[in-house]
Amino acid sequence: MMELYVSTMKINHLETTPFTDQRPGTSGLRKKVRVFQQPPYLENFVQAIFDTQIDLKGGTLVVGGDGRFYNREAIQIIIRMAAANGVARIMVGRAGLLSTPAVSAVIRKYQTQGGIILSASHNPGGPDGDFGIKFNIANGGSAPEGITEAIFERTQAINTYRIAEEPDIDIDHLGTHTSGEMSVEVIDPVDDYAELMEQLFDFAAIRELVTSGFRLRFDAMHAITGPYAHEILEQRLGAPEGTVINGEPKPDFGGGHPDPNLTYAEELVAEMFGTNAPDFGAASDGDGDRNMILGDNFFVTPSDSLAVIAANAELIPGYHGRLKGVARSMPTSGAVDRVAQKLGIECFETPTGWKFFGNLLDAGRITFCGEESFGTGSDHVREKDGLWAVLAWLNILAARKQSVAEIMKEHWAEYGRNYYTRHDYEEVDSDAARGLMQHVESQLAGLVGQQLDGYTVSYADNFAYTDPIDNSESSHQGLRIGFTDGSRIIFRLSGTGTAGATLRIYIEKFEDDVAQQAMDAQLALADLVNIAERFSELKQRTGRECPSVIT
Ligand code: VG1
Ligand code: CO
């Protein structure tokens with residue numbers, strides 16, 4: 001006898017009107033919490049994902065976030081909407097937690113049709129802070145521009161959204177539930193990720209290092225990496241308890257700014273630059289994809305970190321004998337280019353934002369990639385990965401039995417040093433910032449061959465990129481002035497801020513004379529900083545005397 005299955009799930013089709021401001025930025029849609037809290041703001045964007053990503057129907061979706069304020073509410077809404085939109089299975093991290101690289105790892109391991117990440121990354125959280133949402137595709141990476149644009153267009157035309165009338169799911173306990181006809185699996189947020197790390201790194205060697213007097217500190221900044229670091233560093237690798245500080249994720253990140261840099265990771269920086277500092281210090285951001293690497297009284301720039309990891313790839317089991325190529329974002333220093341040149345492998349320069357590495361990783365053209373903004377990663381997932389970078393360094397330190405500073409100095413002696421700094425001016429008046437960029441751009445034509453304080457300009461343009469795999473084009477990715485000695489000045493407006501505009505000025509200078517390599521970076525770059533400030537009329541136009549953050 002044929003059985004007729006009758007659905008008992010009640011689906012509401014609710015009316016909505018488009019919001020004009022749902023165009024995703026560098027990494028998803030980011031707004032103030034209060035904006036997302038007003039229905040149907042979140043609902044519109046989520047429905048636009050379901051309307052455009054048709055593979056999700058009958059498929060599996062991964063959902064998790066960095067635990068910031070509104071994470072739990074947003075997850076319950078997404079579960080109900082996924083049920084109403086015909087998703088067959090949803091996998092959600094326990095307590096709604098999943099770091100960005102863990103979402104990527106889970107999508108790849110279980111071959112799901114995609115994932116939704118709830119985070120505003122390094123931006124502060126809490127009721128007055130920021131929230132964000134990002135769609136990741138089946139390769140585990142952030143949706144490329146073609147897809148984010150389609151989602152945005154859909155948000156502009158949408159007039160209804162679908163949501164199931166179902167109770168909240170208990171996301172605090174592992175297990176399988178149902179919402180309507182959809183299965184909801186609550187998974188351990190750490191397990192799959194930790195297992196992947198064990199496959200890549202020499203855990204035995206790292207364990208020996210961290211249990212034999214080597215002192216290690218990891219600052220999770222009250223954000224997502226706490227549970228991951230406790231499990232991996234303290235449990236699996238045996239680092240003493242207390243190695244991980246600020247390890248409990250809090251909805252407001254303990255009132256802090258979960259951005260692992262020299263300004264915001266105050267507690268760690270104070271310890272690492274104090275007397276009797278640990279041998280190694282690291283921190284990660286809100287959603288766990290960034291990393292800062294420090295030695296005893298020593299800061300490793302993210303650009304240098306990428307170069308060191310590439311140069312020492314042979315020491316890491318998961319990469320031994322398989323380094324194919326590398327890539328860096330345009331504003332990232334050229335330190336890794338020099339390693340690639342020596343190794344005879346390809347090196348690509350992409351626009352800012354991890355999504356631009358996706359095609360190169362999928363095509364097997366690159367193994368490592370990184371950004372100056374504390375992002376480093378590899379082909380193991382399709383996001384940058386904070387703890388991965390920390391483990392890569394620990395693996396290298398365990399193999400080389402040298403200090404962070406020694407490794408860095410030897411690297412510079414061999415490849416030369418790319419002095420590097422980034423000056424950020426946060427919450428600048430939007431019109432003033434736009435005006436400054438226009439002013440800079442208007443002076444670029446005819447600049448080639450001219451001298452600025454003794455530096456001769458060799459190129460000046462607005463960076464444009466053609467993806468070598470699918471030939472898609474991305475223009476207006478940052479204003480660059482390059483000099484004949486390899487120095488560069490780059491001006492770029494941030495695509496992740498939520499208040500006013502953030503202006504970023506990136507400065508780089510190459511030095512291959514070992515005797516000159518010990519200088520403080522700010523000193524070494526002072527003349528170029530000066531040129532940048534004068535050329536852009538920075539002080540007059542922004543009213544700022546100095547940057548908000550110097551890296
Ligand atoms: C910043 C960084 C960029 C990074 C992006 C997302 O973007 O400069 O390199 O990919 O943040 O990082 P912008 O547009 O503000 O410069 V995360 O850790 O916020 O996902
Ligand atoms: Co992040």
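Ground rules, quickly. The model is predicted, so local features need pLDDT of at least 70 and side-chain atom pairs count only at pLDDT 80 or more, while totals for chains, interfaces and linings use all residues. Residues are numbered from 1 along each chain as its sequence is written, chains are lettered from A and ligands numbered from 1 in the order in which they are written, and side-chain values use heavy atoms, with hydrogens and water left out.

Domains, then. There is domain 1 (6–189), domain 2 (193–411) and domain 3 (417–550). These bounds come from an automatic or database domain assignment. The C-alpha centres of domain 1 and domain 3 are 36 Å apart.

Now, where do those two touch? Nine residues of domain 1 contact seven residues of domain 3, with contact meaning heavy atoms within 4.5 Å. The buried area is about 570 Å², and carbon and sulfur atoms give 40% of it. That is accessible area (1.4 Å probe) lost on putting the two parts together, summed over both. Strand 2 (residues 29–32) gives the most to the domain 1 side, with three residues. Strands here are DSSP runs of E, at least two residues; helices are runs of H or I, at least four; both are numbered from the N terminus.

How many salt bridges cross between domain 1 and domain 3? Zero, by the rule. The rule asks for a side-chain nitrogen of Lys or Arg within 4 Å of a carboxyl oxygen of Asp or Glu.

The whole structure holds 40 salt bridges. One of them joins R72 and D172, at 2.8 Å, N to O. R72 sits in helix 3 (residues 71–84) and D172 in the loop between strand 7 (160–164) and strand 8 (175–179), so the pair ties together parts 100 residues apart in sequence.

S121 is in the loop between strand 5 (114–118) and strand 6 (130–136); D289 is in the loop between strand 12 (280–283) and strand 13 (292–295), 168 residues apart.

P39 and P40 are joined by a cis peptide bond, omega about 0 degrees. P40 is in the loop between helix 1 (33–36) and helix 2 (41–52). Y70 is not a glycine, yet has a positive phi of about 85 degrees. Y70 lies in the loop between strand 3 (60–65) and helix 3.
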